[in-house]
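Please look through the model below before reading the notes. They are meant to be read beside the coordinates.

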Amino acid sequence: MSLGYAEKLSFIEDVGQVGMTEHFDSSNILQEKIERLATLIRKSKHLVVFTGAGISTSCGIPDFRGPKGIWTLQREGKALPEASLPFHRAMPSLTHMALVELERAGILKFVISQNVDGLHLRSGIPREKLAELHGNSFMETCPSCGAEYLRDFEVETIGLKETSRRCAVKQCGAKLKDTVLDWEDALPTKEMNLSEKHCRMADVVLCLGTSLQITPACNLPLKSLRGGGKIVIVNLQKTPKDKKASLVIHGLVDKVVSGAMISLNRQIPPFVRVDLFQTIITQALSLDKKYVNWTLRVSSVHGHKAPLPFVKSVEVSFLDREDYKGAILEKEPFQLKRRTVSTKSFEVVLKLNFSEGCGCPYIEMNIPIDFTVPIDCFNLDKDAIFEELKETAIQELCCGQNAVIVRREILTPQSEETVYAVVTNIVRHNKTAKVSELGDSLSNGGNVKRRLENGCTGTLKKKRSKSRHKKKLTTTTTTTTSSLST
């Protein structure tokens, strides 16, 4: 998490009542309350969940009013908490993934979030069932056509300002804007209208990890009361809305939700992160046509100048060609220029070294190159490939699986662009222990029931056929032993 993210957070929360006392229900009372919560969820017809910063503390993202919260530390003159991972590599918590399971089961109808970490969307909650009241640090939107773009890097601005990128929709091309609110910005009308609609329809509004102090958002759950709905609050601090709630639970969100999922007999799904990158091979014949001057670039799919944050460096070598000079590319743009005989084919070996927070240290890819063979262009089903990669990662309990999604030819300058999808993280949330056994396992700083599976630490290769006509999609992984990381 960068200082920039802390600054973004400061625009969202107010400074009132910082450092509030935390309360913990006793084990017996907590167990009883969790069973009541599970019953309410089981009987609900229109469940709405309202989330705050407390849902993401186990992801390594600090809250505001807790003992190590941002506002508490600032008031005490202390430094902001150190991040265990880069903000862009934060993974959804047990609670995030439990909500995904409830949504897939048809129980959860809508999620309202005050957070800007984007973890609900990344976890798998459908966009149409999610309102991000304060924006998303990884989202850009087009003010002209309304298109939204989820990035793998933090958008560089806040306050609904223009960014450096443009809309990719044909016939549009307007400048994009960030979505994170500044002090003077009103809550987005569309998000608020949907939130109000679902709260009025709700028979249960479950508030998770929020102090319910930020207006007007904090009043949304109250709209369920007029129709006979019930409010449940799960938070370590007391809130101004406690007296309106049918059930108040003072406990860690992950612990409470884990217990409820056990009572509901619902399995919490693993989280598998799939990232995208592209290779661009540009070529030009020499004047005598004996040689090809070519450039290989590894870059983001989000734009020519967009960062590629999950790749730390790229090592380039040539298979069985000692006369071809390899290179280690340590800074973006990851680009290599070479000159080779036009009639000779060869194979490039790319080793992508991943940044901190990824589940495997690197992958290796062999790319056959033959400039005498026409480029075979295709555009495969991205969603289907993502699902195939995720299923394979879950079965093999490691990451690093990769596949080609798109290959296209650019005429000017003559180039081949290939887009790859790669599994960079898999997180499993074990839901086996009883609630009474979880007390010492869960804390604001982490979750030992959350297990990050490291990818294969040896070589992992995705080979392309030497024929550029072949569209066959393959994913292969090595069988080296996986290890745990945080």
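1. Confidence. This is a predicted model. The chain has a mean pLDDT of 84, and 80% of its residues reach 70 or more. Over residues 1-19 pLDDT stays under 50, although the model has 59 contacts beyond four places in sequence for them. Residues 69-73 also stay under 50, with 26 such contacts beyond four places in sequence. Where pLDDT is low, predicted coordinates should not be read in detail.

2. The four-stranded sheet. Four strands form an open sheet in the order S5-S4-S7-S6, and their pairing is antiparallel. Strand S5 (148-150) and strand S6 (162-166) are the edge strands, each pairing on one side only. On average, neighbouring strands of this sheet are turned by 35° against each other, with direction ignored.

3. S6 pairs with strand S7 (residues 175-178) in the antiparallel sense, over two bridges. Glutamate 162 has lysine 177 in S7 as its bridge partner. The loop between S6 and S7 holds glutamine 171. The phi of glutamine 171 is positive, near 70°, in a residue other than glycine. For comparison, most residues other than glycine have a negative phi.

4. The largest pocket. Its volume is about 1200 Å³. The lining comprises 36 residues, of which Leu150, Val274, Lys382, Phe386 and Lys390 are the closest to the centre. Two or more lining residues come from each of helix H4 (94-104), helix H5 (119-123), S5, strand S11 (271-285), helix H8 (382-396) and strand S19 (402-410).

5. Which kinds of residue line the largest pocket: nonpolar, polar or charged? The lining divides into 17 nonpolar, five polar and 14 charged residues. Two lysines, Lys382 and Lys390, are among the residues closest to the pocket centre.

6. Cis peptide bonds. The bond from glutamate 332 to proline 333 is cis, with omega near 0°. Proline 333 sits in the loop between strand S14 (327-329) and strand S15 (334-341). Threonine 412 and proline 413 are likewise joined by a cis peptide bond, with omega about -10°. Proline 413 is in the loop between S19 and strand S20 (415-429).

Technical notes
Residues numbered from 1 in each chain as written. Predicted model: local features only at pLDDT ≥ 70, side-chain atom pairs only at ≥ 80, totals over all residues. Heavy atoms only, no water. Pairing = 2+ DSSP bridges. Axes fitted to C-alpha atoms, helices over the stretch in contact; angles between N-to-C directions. 1 Å grid on protein atoms, 1.4 Å probe; cavity = no way out; pocket = protein on both sides within 12 Å on 5 of 7 lines; lining within 4 Å. Points joined across faces, edges and corners; volume = space filled by probe spheres on them. Nonpolar A, V, L, I, M, F, W, Y, C, P; charged D, E, K, R; others polar. pLDDT = per-residue confidence, 0-100. Contact = heavy atoms within 4.5 Å.
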